[in-house]
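Let me put the model up on the screen, and then we can walk through it together.

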Amino acid sequence: MQISSRFTIAIHMMTCMETFKEDHKVTSDFLAASINVNPVIIRRILSQLKDAGLIEVKRGTGGAAVRKPLDEITFLDIYRAVECIEENTLFHFHENPNPDCPVGKNIHNILDDKLQRVQTAMERELESITLADVMEDLRKYI
């Protein structure tokens, strides 16, 4: 299992938006140059972040900006905005375990609650980290 790079790209993007908001127009090309990915990927993630209400994107003059105070934006907010988690389920279960097998017919009963506990723990940790934490750490390196 691996969370896609959309999550870390989104954090990188929002960190750039905040860092460069006074000095640069933060466009998809600007962000793509920092992240070193195709601007099409950036535009897709910009759209997801905008739909989640985390950023605003100005048409015409261009530029993207963080919409809320940084201490109110958690990693969980960003994760939920950009990761395509089907039915709010982190773990994808194989579709057709063998119902004639004692393991196959019971595997959901055995694992469902355990996997939900793992997901809940991960989400709790993601919720404890904010974009303000990222900016504070960044200031130590710049």
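Let me start with a question for you: is Val57 buried, partly exposed or exposed? Val57 is partly exposed, because its relative accessible area is 22%, where buried means under 20%, exposed over 50% and partly exposed in between, with a 1.4 Å probe and protein chains only.

A word on ground rules. This is a predicted model, so local features need pLDDT of at least 70 and side-chain atom pairs count only at pLDDT 80 or more, while totals for chains, interfaces and linings use all residues. Residues are numbered from 1 along each chain as its sequence is written, and side-chain values use heavy atoms, with hydrogens and water left out.

Now the overall picture. The protein has six helices and two strands, and from the N terminus they come in the order α-α-α-β-β-α-α-α. Helices here are DSSP runs of H or I with at least four residues, strands are runs of E with at least two, and both are numbered from the N terminus.

On to dimensions. The radius of gyration of the protein is 19 Å, whereas a compact globule of 142 residues would have one near 14 Å. That radius is taken over C-alpha atoms, and the globule rule is 2.2 Å times the number of residues to the power 0.38. Along the principal axes, the C-alpha trace spans about 65 × 30 × 25 Å.

Of the 142 residues, 34% are buried. Among contacts with a separation of 6 or more, 63% are between residues 24 or more positions apart; a contact means heavy atoms within 4.5 Å. The accessible surface is about 9200 Å², and carbon and sulfur atoms hold 50% of that, using the Shrake-Rupley method with a 1.4 Å probe, where for residues only the protein chains shown count as cover.

Let's go back to Val57, which sits in strand S1, residues 55-57. Beyond its neighbours within four places in sequence, Val57 is in contact with Lys50, Gly63 and Ala64. Its C-alpha is 9.4 Å from that of Arg67, ten residues apart in sequence.

Next, helix H2, residues 28-35. Which of its residues are buried? They are Ser28, Leu31, Ala32 and Ile35. Looking down the axis of H2, these buried residues fall within an arc of 100°, so they line one face of the helix; the arc is that of the directions from the helix axis to the C-beta atoms. Helices H1 (6-20) and H3 (39-51) are included in what covers them.

Just after H2 comes Asn36, with a positive phi of about 65°. Most residues other than glycine have a negative phi. Asn36 lies in the loop between H2 and H3, and its relative accessible area of 68% makes it exposed.

In H3 you can find Gln48, which is buried at a relative accessible area of 18%.

Now for the loop between strand S2 (64-66) and helix H4 (75-82), where we find Ile73. Ile73 counts as buried because its relative accessibility is 0%. Not counting residues up to four places away, Ile73 touches several residues, including Met14, Leu54, Ile129 and Leu131. Ile73 and Leu131 are 58 residues apart in sequence, yet 5.8 Å apart in space, C-alpha to C-alpha.

Leu70 is in that loop between S2 and H4 too, and counts as buried at 15% relative accessibility. Leaving aside neighbours within four places, Leu70 is in contact with Glu18, Thr130, Leu131, Ala132 and Met135.

That brings us to helix H6, residues 131-141, whose buried residues are Leu131, Val134 and Met135. Down the axis of H6, they fall within an arc of 95°, so they line one face of the helix. What covers them includes H1 and H4.
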